[in-house]
Amino acid sequence: MPPELDVLIAGAGFSGTALALALCESGLKVGLLDARGPLPPGGSTDARGLVMVPSSRRLLAHLGIWRDLVPYAAPIRHVHVSDRGHFGFTRFAADELGVPELGHVCPADRLATALESALLTTSATLHWSTRVGAVRPDDEGVSVDVAGPAGAATLRAKLLVGADGASSPVRESSGIGTTRRDYGQTAIVANLDVSRPAAATAFERFTPDGPIAILPLADRRVVTVCTVKTADAEAVRAHDDAAYLEYLQERFGNRLGRFSKLGVRGAFPLGLVRAERVVAPRTVLAGNAANAIHPNGAQGLNLGLRDVAVLAEMIADAHAAGADPGAPALLDAYAKRRRAQQRSVVLFSDSLARVFKSDFAPLVGGRNAFMLALDLLPGVKRTLGRRLMGLSRLDSRLMAGDER
Ligand SMILES: Cc1cc2nc3c(=O)[nH]c(=O)nc-3n(C[C@H](O)[C@H](O)[C@H](O)COP(=O)(O)OP(=O)(O)OC[C@H]3O[C@@H](n4cnc5c(N)ncnc54)[C@H](O)[C@@H]3O)c2cc1C
């Protein structure tokens, strides 16, 4: 049976939704399914603030949704990184790196709403409350068994994209193995007020239990991401609001004054899940399905959106040339184009997670010396900073413009 869809995307998280938007603008027939239902009228309850680097902002602008986020996106112009109880620290400043800002903090609920609202204006066929099952590729396309509100069905497409998150059923059905690491850490996320805000400044403080990040939102409001040992997570979550504020204050210190007005708390167990390959016959993985990493460097979604931009560009070009978007040569070329960057981002976040967790004295000395050296070597810092912001090279023409 010839495929009815050009591309079927499993997973309507940030990566899958952004990819659907990008493909629809190229006139492809796109289907998108997710085990969840559409966002409720009140929007998502995700309390996180996600750091979007300039390359991600450019993709969101290209997709026409950055303008919806501008009122809520807080610029970051300074980043302060330190190792609690040790001498090392390093700072990044936008003007030193020659950019107006290092990134923006986007409330995750606003990002989800903006992406999903835009999706509703496209021609994509949406399958909510639908779980992806077995995947059967053949010469012409791929048959995907799904179970949704109307019962079991089979969808056919020329290409299946697994954007179905860290535990990706598409990856599993396609027989793609993974490399995994459990960091034994859980991130507790909550918004709160600080009495001495630092304008447009993000803080990351490494502690033996894991990093604490404080990201600006608006005025005195900040997002806190506090990593705890998973063994302690239940006890920390059980604190009432006043006790949790005290706990956080004790771990972060008084640099931003007193903490108050705690919002809803969310907990996220942290691990690394890396797909051994990102393509299989008629199938490609994107976002967390390909690489789910520790949030310490705020790189996970930024990496996923680069996957999306490159994949959308390559599929659109194939479609314009009348070529098959699921052809093995295209998938292999995609995997090759993404390999080095995916590997280096995974290595960066995994190394941060492991090196800063250790209290082995030579490693502590080494990481502090590294931070100080970085602080004193503007050239090295500039190169690292531009790479983290996705500015060291143009990954895709979808990230080329700088409209805001
Ligand atoms: C505490 C924390 C802070 C973070 N901060 C940042 C940050 O500042 N910057 C940054 O870049 N990244 C950050 N990240 C990482 C970022 O959140 C992820 O990289 C991103 O959300 C991944 O999006 P995704 O769409 O690839 O996957 P997901 O968001 O996991 O979406 C997967 C989708 O697939 C669906 N699905 C799963 N199984 C099935 C199935 N069987 N059938 C159908 N659908 C299915 C799910 O319902 C879901 O909607 C952070 C992560 C954490 C935990």
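Modeller: L23 counts as buried because its relative accessibility is 0%, where buried means under 20% relative accessible area, exposed means over 50% and partly exposed lies in between, with a 1.4 Å probe and protein chains only as cover. This is a predicted model, in which local features need pLDDT of at least 70 and side-chain atom pairs count only at pLDDT 80 or more, while totals for chains, interfaces and linings use all residues. Residues are numbered from 1 along each chain as its sequence is written, and side-chain values use heavy atoms, leaving out hydrogens and water.

L23 sits in helix α1, residues 14-24; helices (H or I, at least four residues) and strands (E, at least two) are DSSP runs numbered from the N terminus. Once its neighbours within four places in sequence are set aside, L23 is in contact with V7, I9, L28, V30, A312 and I315, contact meaning heavy atoms within 4.5 Å.

The ligand is surrounded by 30 residues, and the closest are S15, D34, R48, V51 and N288; a residue is near a molecule if one of its heavy atoms lies within 4 Å of it. The side chain of D34 has an N or O atom 2.6 Å from an oxygen atom of the ligand, while a backbone N or O atom of A35 is 3.1 Å from a ligand nitrogen atom. A polar backbone atom of A298 also lies 3.4 Å from a nitrogen atom of the ligand. On its own the ligand has 1000 Å² of accessible area, of which the protein covers 85%, as computed by the Shrake-Rupley method with a 1.4 Å probe. Two or more residues of the shell come from each of α1, β3, β9 (131-137), β12 (178-194) and α8 (300-320), and α8 gives the most, with three residues.

Strand β3 also belongs to an open sheet of three strands, ordered β3-β7-β4 with antiparallel pairing; two strands pair if DSSP finds at least two bridges between them. The edge strands, each pairing on one side only, are β3 (49-52) and β4 (74-76), and the twist from one strand to the next averages 30°. Three bridges join β4 to strand β7 (residues 103-107) in the antiparallel sense, and P75 has H104 in β7 as its bridge partner. Helix α4 (residues 108-119) packs on this sheet, touching β3 and β7, and its direction makes about 80° with that of β7; axes are lines fitted to C-alpha atoms, for helices over the stretch in contact, and angles run from 0 to 180 degrees between N-to-C directions.

A few totals place this part within the whole. The protein has eleven helices and 20 strands, and buried residues make up 55% of its 404 residues.

Note on methods: Polar contact = N/O pair within 3.5 Å; in protein donor to acceptor, adjacent residues only side chain to side chain.
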